[in-house]
Amino acid sequence: MTRTAVDRGMFAAFAVLMLAVPWIVPELLGAFWVSVIAEILIWSLLAASVNLLFGYVGLLSFGQALYFGFGMYGVGIGIAHLGLSFWPAFGLGIVASMAMALVAGIFAVRLTWHYFAIITVVFSLIFYFLFLTIKPVTGGDDGINFTLPPTFRFGSTEIGLADSTFQYFFILFFVAACFWLMHRVIRSPLGKALMAIRDNDVRASLIGLNIYLLRLVAFVMAGFLAGVSGALFALFGRYSSASYMFYHVSGEAVVWAIVGGTGTLFGPFVGTGIFILVREVISTQWHHHLLIVGVIAILIVMFAPRGFVGLWHNLMDRLFSPRGSP
Amino acid sequence: MEILLLLAMNGLIWGLIIALIALGLSVIFGLLDIINIAHGDFFMVGTMVAWATVEASGNFWLAFLAAPLIGFVLGALIQRIVIQPIRNAAALSIVATFGLSMIMQETARLTFGAIPKRLLPPIQQTLTVFGLEYEVYRLFAAALAIAALAGFFLYLHRTKIGTWMRAVRHDRDTAIAMGIPAEKVYVLTFAIGFALAAFGGAVAAPITTVDFRGGVDILPVCFMAVIIGGLGNLPGTAAAAVLLAFMEGVIQSFADPTVARIASLVLMSAVLLIRPQGLFKGFAR
């Protein structure tokens with residue numbers, strides 16, 4: 001067996017498992033856990049948006065919750081205030097977050113490193129406080145609740161997210177599509193250009209890459225991922241709330257991405273999964289699960305700075321590297 | 001008019017306390033190159049220590065000693081155990097301090113409960129200034145903050161270890177070559193940063209509430225002061241903290257506190273984009 005074969009086998013097993021969730025999980029654990037897995041899928045896109053910027057472009061954004069919030073409110077305001085049906089509201093969420101990412105990115109990607117981390121969190125805080133203030137539109141901290149319009153309508157039969165199996169596959173489909181898109185982007189010349197900027201921006205500019213434009217493109221793509229995540233979460237929870245735009249949400253996404261392993265496609269998913277499972281398993285018994293979350297975050301950065309996926313790669317290296325060579 | 005004056009004065013005093021906390025953030029940033037997400041919680045630890053001291057001894061004055069002392073010890077321990085091993089990876093330090101922040105908040109909630117507590121100031125007289133009843137404690141708090149700020153700057157510029165700290169910040173490799181124990185300076189810097197924030201917490205405890213989430217609101221304000229003052233520019237940070245809190249105080253007299261917060265955030269973005277070296281570069285060095 002070669003290493004690629006192991007990776008492929010793992011991926012195939014994982015894919016089958018994810019497809020089988022609505023039938024296996026309720027039998028083994030209970031129906032509640034299907035929605036936990038759906039939630040992991042949704043949040044992993046937010047972590048993926050951090051990963052796209054940090055892992056592939058070298059920009060640490062501490063404000064991805066802003067685009068998540070725009071995705072949420074695009075859906076929420078679209079349905080509750082504008083009376084949109086399902087798909088236009090979903091689209092509005094994604095377009096709103098990408099537009100916001102474009103506007104913020106025009107300013108933000110002029111800066112790098114610490115300054116970039118800080119300007120992104122500042123932008124997200126500005127809109128967090130703004131959304132708290134315009135309560136009639138956003139509902140502030142309490143948020144707005146809405147009832148979902150049907151997803152598909154064939155004559156008189158309606159299919160909507162009220163059907164939990166359909167809801168799970170709806171979320172799985174969009175999350176998988178986003179990860180596939182990200183995979184394609186990373187493999188493309190665009191992805192190589194982004195990684196060149198991450199590794200050395202001066203050299204990248206010397207070979208003729210337009211650093212500013214490429215960073216902006218990456219920022220809008222990250223906004224797209226966060227926006228889809230937020231829109232899905234609004235559809236999943238049937239509400240939108242400004243509290244999801246606070247910097248703690250952005251910070252958690254950064255932690256998930258780094259603990260899972262940045263610069264790898266699946267790292268953010270692994271990190272998100274571990275933290276949400278810890279939360280769901282422990283919080284039923286003990287209210288202070290954040291204590292354990294904090295300890296895990298610190299232990300990982302101290303002992304496995306490349307995250308869980310990094311640990312996995314180390315293991316694979318040890319298993320498959322020829323004896324004697326490093 | 002009176003309201004404006006009152007809020008401006010409150011803003012000024014709050015700004016002095018923020019300056020103390022932001023200064024800790026700024027030294028840690030300038031020397032260790034760490035964006036310390038847990039810094040607001042260092043402040044919270046200070047308020048908790050003050051509350052615990054009053055509960056245990058009934059004497060508030062002890063808190064002004066206990067808070068910076070406990071802060072100093074905790075800071076030194078955290079730097080040695082957590083920060084030192086990951087010093088060369090700044091992105092990881094953000095995750096580590098985020099983890100620390102969670103640990104400190106949950107520990108505080110576990111030990112002191114989730115209900116915000118009020119602490120009575122050790123001085124309860126009021127004073128009439130410009131026709132306004134004003135708490136004497138607030139003036140005293142301002143004096144304490146000014147004293148601590150002055151003490152810190154004297155320490156930095158007049159003592160050997162203070163000079164070491166400035167030397168390591170300026171040029172780490174040369175400083176090590178000259179025989180300055182940089183590792184010890186790092187421990188000390190982090191400890192002092194924590195101690196300053198904890199002292200600020202003890203001073204501020206009777207003015208705000210003692211709450212395990214108290215640091216969450218403080219952190220953005222401190223970052224604003226550090227950015228507007230200029231990263232690593234200590235006098236600039238102190239000046240910016242006072243300016244910001246004063247401005248927010250004035251805006252609050254005619255608008256919502258959230259509007260005041262938005263105004264300072266917008267000011268901060270403008271500074272980041274137009275003068276990333278801070279508003280006061282060139283004045284305060």
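Of the 326 residues in chain A, 45% are buried. Keep in mind that this is a predicted model.

**Chain A overall**
- Chain A is built with 14 helices and four strands.
- Its C-alpha trace spans about 65 × 50 × 45 Å along the principal axes.
- A compact globule of 326 residues would have a radius of gyration near 20 Å, and chain A has 20 Å, so the two agree.
- Take the contacts in chain A between residues at least 6 apart in sequence: 74% of them join residues at least 24 apart.

**Where chain B meets chain A**
- On one side there are 37 residues of chain B, and they're in contact with 33 residues of chain A.
- Three elements of chain B give two or more residues to the side that touches chain A: α4 (90–112), α9 (214–229) and α11 (257–274).
- The top contributor to that side of chain B is α4(B), with 15 residues.
- By type, the residues on the side of chain B that touches chain A split into 28 nonpolar, five polar and four charged.

**A buried spot: A:L66**
- You'll find A:L66 in helix α3 of chain A, which covers residues 65–80.
- A:L66 has 30 other C-beta atoms within 10 Å, and because 20 or more is the mark for a buried residue, it counts as buried.
- Setting aside neighbours within four places in sequence, A:L66 is in contact with A:M100, A:F123, A:S124, A:F127 and A:M245.
- A:L66 and A:S250 sit 184 residues apart in sequence, yet their C-alpha atoms are 8.1 Å apart in space.

**Two residues with a positive phi**
- Some background first: most residues other than glycine have a negative phi.
- A:R238 isn't a glycine, but it has a positive phi of about 60 degrees.
- Look for A:R238 in the loop between α10 (211–237) and β4 (239–240) of chain A.
- Is A:R238 buried, exposed or partly exposed? It has 16 C-beta neighbours inside 10 Å, so A:R238 counts as partly exposed.
- Over in chain B, B:D33 also has a positive phi of about 60 degrees without being a glycine.
- B:D33 lies in the loop between α1 (2–32) and α2 (39–57) of chain B.
- With 16 other C-beta atoms within 10 Å, B:D33 is partly exposed.

Technical notes:
Residues are numbered from 1 along each chain as its sequence is written. Chains are lettered from A and ligands numbered from 1 in the order in which they are written. This is a predicted model: local features need pLDDT of at least 70, side-chain atom pairs count only at pLDDT 80 or more; totals for chains, interfaces and linings use all residues. The radius of gyration is taken over C-alpha atoms; the globule rule is 2.2 Å times the number of residues to the power 0.38. A residue is buried if 20 or more other C-beta atoms lie within 10 Å of its own, exposed if 12 or fewer, and partly exposed in between; C-beta atoms are placed from the backbone. Two residues are in contact if their C-beta atoms, placed from the backbone, lie within 7 Å. Ala, Val, Leu, Ile, Met, Phe, Trp, Tyr, Cys and Pro count as nonpolar, Asp, Glu, Lys and Arg as charged, and the others, Gly among them, as polar.
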